[in-house]
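Have the viewer open and follow along.

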Amino acid sequence: MSSVSGRYAIVGVGTSRFGKLQGVSTMGFTLEASKRAIEDAGIGRDAIDGVLVMMPAIMGEQHGWAARVAGYLGLEPTFSATMDLGGATACGSVQTAMAAIDAGYCTAVLCCFATQNWPQGVAMQLFGSEFQVPYGDVGALTLMGHIKRRQMHEHGYTEAQYGQIAVTWRAHARDNPEAQMQKPMTLEQYLASRWVVEPLRLFDCCPNTDGGGACIVTSLERARDLKQKPARILGAGQTHATEIIHPNGRDPERLSGSRAADQVYAMAGVQPADVDCAQLYDAFTPRVMHDLVAYGFCAPGEAGAFVEAGQVTHGGSLPCNTAGGLISEGHLSGFGHIREAVRQVRGTAAARQVPDCELCLVTGYGGAPHEAPPTVSYSALLLGRD
Amino acid sequence: MFGAIEKPLPRPSEDSAPFWEAALRGELRMQRCGGCGHVRFPPSLLCPRCLSEAAEWVALSGRGTVYSWVVVHQSQHPAFNPDAPYNVVIIQLDEGPRLHGNLVGTPNQEIHIGMPVEVVFDKVSDDTALVRWKRA
């Protein structure tokens, strides 16, 4: 597996307009983001011969989705797939792109996604099993509420520690002109925010975001001839695992996602202590507590104190979610995290730049947590400066 | 005018029908694997531990403890809006599996992890009874 480490790179990143933008089509967002990633890379459109697209959130448009995206972009790829790892797709698609290039199926791959949250009601109907929905247990919020409840019960994490995550990301978003959530937020405002699914507060959650994101993967050799400094893909990993509420329980000593962590570090040949900054999948604050432990930055149970000590802020030992994260930049399903990580290792993150950033971890999370049994996919990338 | 939006009810499959048929009779039943004895949930054609297809539907004690609980203030389905704030609990059954549901008859603020509970059956239509929980 180590043979592909560092041999491929992300050469272009882009997003569409994003925010509350109902009325723009999923395809429209996908094309906008893809075009910007192509422009960012400075790669000829004819050079792109692989297309990987995340399954759109709204069903009904999904048939042949990747091939349709290619068609709209005027591409005739030799490799394509519509991927479905939920919020784990962004990192997962980059890993698949590397594998496809390595196999000789194609040479440069566009990975892209978009979502249009309207009509939300339709999407919600699709979430959940017959063993959950009849009890009013619908969508991801209840799962995240349960995860926060169990974390607080098992580790003594405090409300203020979760609040510190939300407040820190908001401060980071203030240096990102594109972020959706720009108003300053204090811990007091977090603690006064309403319950959504108690113990989950409004500011534990990311906003709904309409929009899309894209990136382009090719060989390091070709990357070095393109416009931008390559972001080398040093490691990639996945786990497809059950969640804490799995009806058959799970080994509490082994956190979901830790196999993805083992893979990503082994492939890159680095340790958590080598990582300069991280973009952690944070649709909800309890996810951050989880990843800080699963990816080896804290001992089990110590994520709350780590956050409280300011370690995830600029100037801390591990600046995280430097563009504001899903919670404050917006929910670009992990493509925003890839874009920010690429900027960090290129050294082009402007006011958000982590000094001398050589290595950035990106994590993804998503899947079918509201099904029975609840399962989720974890994915991760380690990007390095060239 | 439009009528009230109806709450979604289970539409049992071949796999899950025995669970819901038992609930309608006032019994909590799950599959016990004929290969390894694992109590299997959700219902499935095969055992996730040993892949055996053999199973019998056995009656459970209907007892367990609260593993986790949340209070939904912002419902994600319009039919549940009038109920908010309402609880969703995960019950750790004495026999092993965990099951989602609602805890009835106890104020939300008195629910806690580890609280002993027992099953109740709530007949919500002619052919459906939901599995809920009350303080034991």
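E32(A) is buried, with a relative accessible area of 18% (buried means under 20%, exposed over 50%, partly exposed in between, using a 1.4 Å probe and protein chains only). Its salt-bridge partner is R17(A), with the closest N and O atoms 2.8 Å apart; a salt bridge here is a side-chain nitrogen of Lys or Arg within 4 Å of a carboxyl oxygen of Asp or Glu. R17(A) sits in the loop between β1 (8-15) and α1 (26-41) of chain A, while E32(A) is in helix α1, 15 residues apart. R17(A) itself is partly exposed, at 43%.

A quick word on the ground rules: this is a predicted model, where local features need pLDDT of at least 70, side-chain atom pairs count only at pLDDT 80 or more, and totals for chains, interfaces and linings use all residues. Residues are numbered from 1 along each chain as its sequence is written, chains are lettered from A and ligands numbered from 1 in the order in which they are written, and side-chain values use heavy atoms, leaving out hydrogens and water.

Now look at R224(A), which forms a salt bridge with D386(A), again with closest N and O atoms 2.8 Å apart. That pair links parts of the chain 162 residues apart, and D386(A) is partly exposed at 36%.

Over in chain B, R32(B) and E56(B) form a salt bridge at 3.2 Å between the closest N and O atoms. R32(B) lies in strand β1 (residues 29-33) and E56(B) in strand β3, so the pair ties together parts 24 residues apart in sequence.

Methods: Helices (H or I, at least four residues) and strands (E, at least two) are DSSP runs, numbered from the N terminus.
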